[in-house]
Structure formats: C-alpha cells, structure tokens
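Take a walk through this protein chain with me. We will go from the whole fold to a pocket, then to a group of rings, and end on one strand.

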Amino acid sequence: KARTFLADEGFDYHGPNTHFTKADDFVAFLFGMGSIQKSIDTRRVIAERDEVCALIDYQTYFDLIGDVRVAMWARVVGERIQKLELFYNAAVVENMLSVDGRLPFQS
C-alpha cells in the first residue's frame, strides 16, 4: 500500500545517508527498517499547494538510538509523492550499524 503513494516515474528520495531514484527500491529499504521501529508519532503536518512538511518522532527498540526526530519534506505531483527529503541526525544510526570500524553507507 505504501508504494501506491509514490510516483512511478521520476521519483527522487534524499536522506542524510541514502538516495533512491526508484520508488520500489525506497519501499524495500523502508521495510528493512521495520525490525527496529517501535512506533512513529506525528508531531505536525503542514501543507501548502504541492508541498507537505511533516515533523515526526521515530521511536526504535534500541536504547542506543532511542527516538529520532525527523523532518520530512515532500513534493506531490498529481496525487503521488514525486520528491521526498528527510532530515535527521544519522550519526547515531550509522554508529550503531558500524562493523569493524566501517560505517555502513560508505564505500
């Protein structure tokens, strides 16, 4: 169902440590995060014309991460999200996922 809200062509997602140009790849990434997600609390949603900004608290099961405050900005074309940008401090998540001193989203 989440996929139905995203544009089929020209989708663009930017986060602090990831970038997707295909909605299917983005949705697969989101479902991979499900195991650490406790809940998402919406603090505020603001919409103006074709843009939506949401402020959310992403709560996890890991004490090292805790709650992550996220600002999400979306541009809607027609009835689907074309561009999505998330802003949050990814350092805590990256440090938790590091293996042998290597951070996950680095080549």
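**From surface to strand**

The chain exposes about 7400 Å². Carbon and sulfur atoms supply 52% of that area. Keep in mind that this is a predicted model.

Now look at the overall plan. The chain has two helices and six strands. Read from the N terminus, the elements run β-β-α-β-β-β-β-α. The chain holds 107 residues, and buried residues make up 28% of them. Next, consider who touches whom along the sequence. Take the contacts between residues at least 6 apart in sequence: 33% of these join residues at least 24 apart.

Turn to the largest pocket. About 890 Å³ of space lies in it. The pocket is lined by 32 residues, and the closest to its centre are F26, L30, I40, M72 and L86. Which elements give two or more residues to this lining? They are α1 (23-32), β3 (37-48), β4 (51-60), β5 (67-77) and β6. Strand β4 gives the largest share, six residues. What kinds of residue make up the lining? The count is 29 nonpolar, three polar and no charged.

Now for the rings. A pair of aromatic rings is described by the distance of the centres and the angle of the planes. A search of the whole structure finds five aromatic pairs. One of them joins F11 and F26. Their centres are 5.7 Å apart, with 40° between the planes, and the pair is tilted. What does this pair tie together? F11 lies in the segment before β1 (12-14) and F26 lies in helix α1, so the pair ties together parts that are 15 residues apart in sequence. Both F11 and F26 are buried.

F20 and F29 form another aromatic pair. This pair is also tilted: 5.4 Å centre to centre, with 45° between the planes. Are the two partners buried or exposed? Residues under 20% relative accessible area count as buried. F20 has 15% relative accessibility, so F20 counts as buried. F29 has a relative accessible area of 22%, so F29 is partly exposed. Step back and the rings join up. Ring pairs link F11, Y13, F20, F26 and F29 into a cluster.

Finish on strand β6, which covers residues 80-87. I81 has its place there. Leave aside residues up to four places away in sequence, and I81 touches F5, L6, A7, F11, A74, R75 and V76. How far is I81 from D50? In sequence they are 31 residues apart, and in space they are 9.4 Å apart, C-alpha to C-alpha.

Q82 also lies in strand β6. Q82 has a relative accessible area of 18%, so Q82 is buried. Its contacts, again not counting residues up to four places away in sequence, are A7, E9, G10, F11, D12, R75, V76 and V77. Find F11 in that list. F11 is among the contacts of I81 as well. F11 also belongs to the ring cluster.

Conventions
Residues numbered from 1 in each chain as written. Predicted model: local features only at pLDDT ≥ 70, side-chain atom pairs only at ≥ 80, totals over all residues. Heavy atoms only, no water. Helix = DSSP H or I, 4+ residues; strand = E, 2+ residues; numbered from the N terminus. Contact = heavy atoms within 4.5 Å. 1 Å grid on protein atoms, 1.4 Å probe; cavity = no way out; pocket = protein on both sides within 12 Å on 5 of 7 lines; lining within 4 Å. Points joined across faces, edges and corners; volume = space filled by probe spheres on them. Nonpolar A, V, L, I, M, F, W, Y, C, P; charged D, E, K, R; others polar. Phe/Tyr/Trp six-rings, centres within 6.5 Å; stacked < 30°, edge-to-face > 60°. Buried < 20%, exposed > 50% of the residue type's maximum accessible area, 1.4 Å probe, protein only. Areas by Shrake-Rupley, 256 points an atom, 1.4 Å probe, with all protein chains shown as cover.
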